[in-house]
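Hi,

Here is the structure I promised to send over. Have a look at it first, and then read on for my notes.

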Amino acid sequence: MAMKTESRRILKKLVKNPTAMLGIFLLVFFIIVAILAPVLAPSEPGKDPFKMLPAKTAEGKMIWSSNPIAPDSTHPFGVIGKYDVWYGVVWGTRSAFKIGLIVSIISSIIGIIVGSISAYFGGWIDEILMRITDMFMAIPFLVAAMIMTTILGKGLDKVTIALIIFGWMQVARLIRGNILQAKEEQYVLAAKALGIRNFWIIVKHLLPNTIFPVIVQISMRMGSLVITAASLSFLGVGAEIGYADWGTLLNYARNYMMQLDKSWFAVVYPGIAMVLFVLAWNLVGDALRDIFDPKMRA
Amino acid sequence: MLAFIIRRLLILPIILIGVTLLIFSMIWMLGPERLIGTYVKSPEALKSEKAVERLIQKYGLDRPAPEMYVKWLGNVLKGDFGYSNVGRQGVLQSIMELIPYTFELALYALIPVVFVGIWLGVIAGSHQDKPLDHGIRIFAIIGWSLPDYVFGLLVLLVFYSYLKWFPPGFLSDASMKVMREGPWKDITHFVTIDAILNWRFDILWDAIRHLIAPLLTLSYLWWAYILRITRSSMLEVLRKDYVRTARAKGLSEKVVINKHVKRNALIPVATVSGGMIVQLFAGTVIVETIFARPGLGRFTATAAVTLDYFSVIGAALFFSLILIVTNLIVDISYALIDPRIRLS
Amino acid sequence: MQKKLFVLFICLLALTLSAFAAVKDPDTIVNAEYGAPETLDPHAEWDNASGAVINNLYDNLIKYVGETIEFEPMLSTAVPTPENGLLKDNGKTYIFPIRKGVKFHSGNILTPKDIEYTFERGFLADNSSGAVTLIIEAVSGGEFYTVADWFEAYAGMAYSDAVNDDREPTSAEAKAKLIGFYNEVIDPLFVVEGDNFIVNMKDAFAPFLFIIVKYAGWGSIIDSQWCMANGEWDWKADGWWKWHDRTPEESALHMADAGCGPYKLAVWDQTNNMVVMERFDDYWQGPAKTKTLIFKTVEEYSTRKAMLEAGDADLVLVDPIYRYDFDNNPDIEVISGHPRAQVTSIHMGWKVQETSEYIGSGKLDGNGIPADFFTDINVRAGILHAFNYDALIDDLVNGLGKRVPTDLPEGFLGFDPTLPVYEFDLGKAEKAWKAAWGGEVWENGFKLVAMYNAGNEVRQTACEMLKVYVESINPKFQVEVLGVQWPTYLKATREELCPLYIIGWVADYPDAHNFFSTYYHSNGYYGKRHGGEYNDFAKEYLDPIIDVAVKETDVNKRIEMYAELQKILLENYIATPLYMPQGLYVARKWLKGFFPHLLRSSGDRTPEFYYAWKE
C-alpha cells in the first residue's frame with residue numbers, strides 16, 4: 001500500500017519536472033533504438049552482430065581502407081576505420097545498455113550484500129568487511145580497471161568484469177550507513193524481539209527503506225560507466241577493435257581529430273549518442289534524487 | 001578526536017599492505033611468461049630461445065608468489081621499490097620526480113573547477129526549475145558526458161592548431177634549456193612558483209601558457225560534479241526555516257542567497273573538494289597524454305597497460321596513501337567545522 | 001564592474017599571446033616520436049628509440065656508404081676483406097687498423113685498447129634484453145647465443161650454479177672457473193697488436209661485419225677510461241661476473257654517454273620524456289651542422305601532427321594509414337616508398353600443443369581444427385590464395401608496401417624479384433580446400449582462430465580479410481579474429497599454442513641469414529615455434545642449406561644456395577609473407593639532408609642527423 005502511493009507520488013513529480021521529462025524521453029528513445037537495432041541496421045545473418053564487419057561500397061565492394069568516407073546514401077553516417085558509423089551507433093546503444101545495466105546491477109547487488117551484512121552484524125565482521133572495502137577504494141578506479149583489463153585481456157566483457165570488481169564499494173558504504181540508521185528504528189527492534197531470523201530482517205525490513213538512494217546512484221552511474229569504458233578504449237584496454245560500441249567509434253576518430261572537415265561525422269554522431277545517453281541518465285537520476293531525498297520532501 | 005586519529009593512523013599500514021597484496025595477487029595470476037612481456041617489446045629482441053628464461057630469472061619471476069612478495073616488501077622497507085621500466089629508473093625516483101608536475105596541474109585545476117563549479121551551482125540552485133537552471137545543468141552535464149579525450153582533442157584543435165595560443169607540452173624548449181643550464185634554482189619543484197622565486201617571469205608565463213588548455217579540459221569535465229553538489233546543498237538550505245524567516249522579513253532574494261544560503265550550503269562542497277584532489281590526481285591520465293605533459297597519471301596508465309608491475313604497485317601504493325591521508329584530513333576538518341558529526 | 005575587468009583581462013591575454021608567437025630555432029632539430037628509449041647503454045639496447053639516440057652519440061668501427069649496404073672505414077681505417085688481407089683464416093680473423101687522433105666526449109683519446117674493452121665488456125655484461133647476443137652468436141661461429149652458455153660449455157657447470165643471486169661465486173672452484181673463462185676464452189677473442197684490433201672468431205660467420213657496423217648500436221665503441229672511472233667493469237678477470245646481466249639502471253651508461261659520436265648527451269629527461277643532444281665540436285669528422293637535437297616522446301598522433309603543422313616539431317612519426325594527411329600543406333615534405341628491412345607474415349603452426357585453447361574442439365568436426373591442421377600443404381595453399389594482398393597494400397597502408405616472394409625484404413642478398421608471389425585467387429583457394437585432408441575439411445568445415453597483437457591495426461585488418469574471404473569459400477568455414485595483448489601473445493607463440501598468427505620481423509643486420517634462419521630454420525625464432533612436424537621437415541630439407549650458406553664467404557655460391565632454398569619454400573607453401581612495409585618520412589620542408597637507410601634505427605623516417613640541417 002505504502003509503496004503504491006509512494007510510486008504515484010514519484011511519478012507525479014517526474015512528470016512535472018521538464019528536465020526529468022527530457023531525460024525520460026531520451027531514455028525511451030534509446031530503448032527503442034536498442035530494441036529495433038536489427039531493423040535499423042541489419043546485421044549479416046548467423047554472425048555476431050556486435051562484431052562489425054568492414055563496410056561495403058554501394059557497388060558491394062569491401063572497404064579495406066581506414067580513411068574516413070563522408071556520409072552518402074549507403075552509409076548515412078559515413079564510414080570510419082572501415083566501419084559503418086550508423087551501424088556502430090545503433091548497435092552501440094545495445095552495448096551501452098548492456099555494460100551500464102550489467103555493471104551497475106551486479107556491483108550494486110554485491111554492494112548491498114556486503115553493506116547489509118556489515119551493518120547488521122557489526123563487530124569484527126563489520127570491521128573486516130569495511131577494511132576490505134577501504135582497500136578496494138584506496139586504488140584509483142581508472143588504474144584498477146586498467147590493471148584488470150590488462151590482465152583479463154581486451155573485450156567489452158572483460159571491461160564489464162573489471163568495472164564490477166572495482167565498482168561495488170560506494171553502494172556498500174551507502175547501504176551500511178543507511179542500515180545503521182534504520183537499525184535503531186522501532187520496527188526493527190520489534191522484529192528482533194519477536195525472534196525473526198536475521199536474514200529476513202535485512203531483506204524485509206531494512207533493505208526496502210534504504211534502497212532508494214541506491215537506485216539514484218545506479219541511475220547516475222549508468223551514464224558514467226559508458227564514459228569509463230570509452231576512456232579505457234582510449235588507453236588501449238577497452239573493447240576490441242571493430243566492436244559495435246560508441247567509444248570504439250570515437251577512438252577511431254581520434255587520429256583524424258585535427259582534420260574535422262574530413263571526419264566530423266565520426267566524432268559528431270557517436271559523440272552525440274554518448275552525450276545524450278549520459279545526459280538522459282543524469283537528468284533522471286537528478287530528478288529521482290530530488291524526489292527521494294527525505295530532506296526535500298517538505 | 002585524538003583516539004580517532006590514532007586509530008585511523010594505525011589502520012593505515014594495514015590498508016596499504018592490503019592494497020599491495022591485492023594488486024600483487026592480481027598481477028601474479030598472469031604467470032612469469034606473460035609478465036616478462038614488459039621487458040620484451042618485439043620478437044626481434046628474443047633471438048635466442050633462452051632469452052625469455054634468462055629474463056624471467058633476472059627479474060626473479062619464477063619464484064613462488066609469497067617469496068616474491070616478501071622479498072619485494074623487504075626491499076620496500078629498505079627504500080627500494082624496484083626498477084620502473086616505464087620511468088626507465090627506480091620506481092620511487094620516478095614517482096618523486098613526477099609528483100610536482102601532477103600536483104601542480106591538479107591544484108591549479110581545483111581553482112577553476114571549484115570556483116566556477118560553485119558559481120554555476122549557486123545560480124542553478126537559486127533558479128531551481130527555471131530555464132537558467134536547466135540550461136546550466138545541461139551545459140555542465142555535456143562536459144561530464146563527453147569522453148575526456150574527445151574534449152581534450154577539441155581544445156587542442158582550437159587553441160593550438162587554429163589559434164596557436166596554447167601549445168602542448170610542459171614548457172617550451174627554450175625555458176627547459178634555461179632550467180637545465182641555469183641560471184635557475186629548483187626550490188619547490190613547482191615550476192610556476194620556482195619561476196617567481198627565480199625572478200623569471202618569462203618562464204612563469206611560458207608555464208601558464210602550457211597550463212591553460214589542460215586546465216580548461218579538466219575544468220569542463222568536473223564542473224558538473226561540483227555543480228550538482230552545490231545545487232542540491234543549496235536547495236536543502238533554501239528550505240530551512242531561517243531562510244524562510246529571512247525571506248519573510250522581506251529581505252531581497254540576493255541578500256538571502258548571499259548572506260544566509262551560500263555560507264551554509266558550501267560546507268559539503270568543501271569536504272568534497274578535498275576528496276576531489278585525489279580524483280583529479282588520478283584523472284589526469286588522458287589530459288597528460290593528449291597535451292604531452294609529464295605526470296603520474298600517464299606514468300601509471302603506461303605501467304598498467306604494459307604490466308610493469310613494480311611501477312604499478314608503487315603507483316597504487318602512492319595513490320592509496322594520498323587517498324587515505326586526504327580522506328583523514330577531510331574527516332577531521334569536517335568534524336571541526338561541524339561539531340554534530342560524531343567520529344566513529 | 002566585474003564584467004569589465006574580465007573583458008580587459010581577456011584582451012590583455014589575447015595581446016600577450018599573439019606577441020609570444022615563437023620564432024622557430026634554426027639551430028635545433030625537434031623530432032617527435034612515439035616511443036621513449038629503453039636505455040642508452042649500447043650493450044643493453046635493442047629497440048628503435050634507443051638505437052636512434054645512440055646512433056648520434058657513438059661511432060662504430062666501420063659504416064655504410066650512403067644509402068647502400070656497402071662498407072667504408074670509420075674508426076677503423078680499413079674494412080677487412082680477403083683482398084686487403086685484413087680478413088684471414090677462411091673468415092675467422094678480422095683485423096681493424098684503428099684511426100688515430102679521435103677524441104671521446106670526455107676528452108680522452110681513442111686507442112685500440114678502448115675497442116678491446118668495448119667488446120669484452122659487451123660480452124661479459126651480456127645483458128639479456130640487449131643485442132650483444134648477435135655478436136656472441138657471430139664470434140662463436142653460430143655456436144652460442146649467451147656468454148652463460150659459453151661458460152657452461154667451458155666450465156661444465158651452469159652459470160647460475162657458479163654465481164649466486166648476490167653475484168658472488170658459489171665456491172672457490174667456481175671462482176677459478178670464472179676467472180679461467182675470461183683468461184682462456186674471452187680474452188684471446190679480442191686482441192690488440194700495435195695499432196690493430198684483432199677479432200679471432202671461433203668459427204667463420206659471414207655476416208659479422210654487418211653486425212658491428214654503424215647503425216648497429218651494439219657495435220658502438222665506448223670510452224674505457226670513462227667507464228672504469230664511473231664504476232663499470234674494471235677490466236680484471238677477477239670479478240667480471242659482478243657486471244653480468246644487470247638491470248638497466250645499474251649500468252653507468254644507462255643515462256650517460258661515453259662515445260665519440262657527433263653529438264654528446266646533454267640530458268635524458270625521463271620525466272619530460274625527451275632526450276637533448278648537443279653538438280660535439282671536436283668530432284673527428286668535423287662538427288655536425290646543427291647545434292642541438294631534441295627527441296621528444298609524444299604518444300598521441302593528433303598532438304604530433306599539430307606540433308609538426310605549427311612548426312614546433314621538425315619531423316614526426318606518421319603511420320602509413322595517415323600518409324595523405326599532409327598533402328595540402330606546402331610547408332611539409334613527405335618522402336615515401338623507400339624499402340624497409342622488414343617483412344610482415346602469416347605464421348602457421350604445423351603442430352600446435354594439444355592443450356591449446358585456440359584450436360576449439362581439436363578435431364575436424366567444424367568446431368575447431370586438429371592440432372596438426374597446417375601439415376597439409378592444401379590447407380596452407382587455401383589460406384595463402386584467399387588473401388587479398390593488393391587491397392591490403394593499396395587501401396590499408398596506402399600503397400606503402402610491396403609484395404615479396406619469400407620472407408626476405410628487397411635489397412637483401414638472395415632476393416630474387418623474378419620469383420612468383422601467391423595470387424589472390426579464390427578459385428585456386430577453393431580447389432586447395434577441397435583437396436585438403438582428403439576432402440574432410442570441405443565436408444565438415446572448421447573453426448580457426450586468427451591471432452594478432454592487439455593495437456596493430458594493419459595486422460588486425462589482415463586477419464579480418466582472411467576471415468571475410470575464407471568464409472566466403474564455404475559457409476562451413478569459420479575464422480575467428482582474436483586480438484591479444486602483447487604479453488599473452490608472447491606466451492602463446494612461445495608455447496606453440498597459436499595455429500595462425502600475423503607478425504613481422506625487423507632485420508638486425510642486412511643479411512639473408514637473419515631472415516632465413518629466423519623464419520625457416522628448425523631452431524630459428526619462428527621456425528621453432530611452428531611445431532614438431534615442421535621441425536622434422538626443416539631438419540631434412542632446409543637446415544642443411546641454411547647452415548652451410550651462412551659460413552660460405554663466396555657471395556655467388558651463397559646466392560645459389562638461397563635460390564635453391566626459396567624454391568623449396570615456395571613449392572611447399574612455407575614462405576608466407578604478406579608484404580614488405582615501405583618507409584614514410586614526414587618533416588618540415590626547412591629540414592634538409594634526409595636520406596633513408598634500411599638499417600638505421602628509424603632510418604626510414606629520420607635523417608642521419610650528422611648530415612641534417614635547417615634552412
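**Where two domains of chain C meet**

In chain C, 12 residues of domain 2 are in contact with 9 residues of domain 3. By class, the domain 2 side of that contact has 10 nonpolar residues, 2 polar ones and no charged ones.

Chain C has a mean pLDDT of 90, with 96% of its residues at 70 or more. One stretch to treat with care is residues 18-23 of chain C, where the pLDDT is below 50; beyond near neighbours in sequence, this stretch has 3 contacts in the model. Where pLDDT is low, the predicted coordinates should not be read in detail.

Strand 7 of chain C pairs with strand 5 (residues 93-97) of chain C in the antiparallel sense, over 5 bridges. There, C:Asn200 in strand 7 stands opposite C:Thr93. Strand 7 of chain C also runs antiparallel to strand 6 (residues 190-193) of chain C, and 4 bridges join these two. In this pairing, C:Asn196 of strand 7 is the bridge partner of C:Glu193. Strands 6 and 7 of chain C form a hairpin with 2 residues between them, and C:Gly194 in the turn has a positive phi of about 60°.

**Chain A as a whole**

Now to chain A, which has 12 helices and 2 strands. From the N terminus on, the elements run α-α-α-β-β-α-α-α-α-α-α-α-α-α. The C-alpha trace of chain A spans about 75 × 45 × 40 Å along its principal axes. Of the 298 residues in chain A, 51% are buried. Among contacts in chain A between residues at least 6 apart in sequence, 70% join residues at least 24 apart.

**Helix 6 of chain A**

How many of the 12 residues in helix 6 of chain A are buried? The count is 10, so the helix is mostly covered. A:Leu142, A:Met146 and A:Ile151 are among them. The length of helix 6 of chain A checks out too: at 1.5 Å a residue, its 12 residues should span 16 Å, and the end C-alpha atoms are 16 Å apart, which agrees. Just after helix 6 of chain A, A:Gly153 takes a positive phi of about 110°.

**Where chain A touches chain B**

The contact takes 39 residues from chain A and 45 residues from chain B. On the chain A side, the helices that each supply at least two residues include helix 2 (18-35), helix 6 (141-152) and helix 10 (198-234). Helix 12 of chain A gives the most to this side, with 8 residues. By class, the side of chain A that touches chain B has 26 nonpolar, 9 polar and 4 charged residues.

Cheers

Methods: Residues numbered from 1 in each chain as written. Chains lettered and ligands numbered in written order. Predicted model: local features only at pLDDT ≥ 70, side-chain atom pairs only at ≥ 80, totals over all residues. Pairing = 2+ DSSP bridges. Contact = placed C-beta atoms within 7 Å. Nonpolar A, V, L, I, M, F, W, Y, C, P; charged D, E, K, R; others polar. pLDDT = per-residue confidence, 0-100. Buried ≥ 20, exposed ≤ 12 C-beta atoms within 10 Å, placed from the backbone. Expected span 1.5 Å × (residues − 1).
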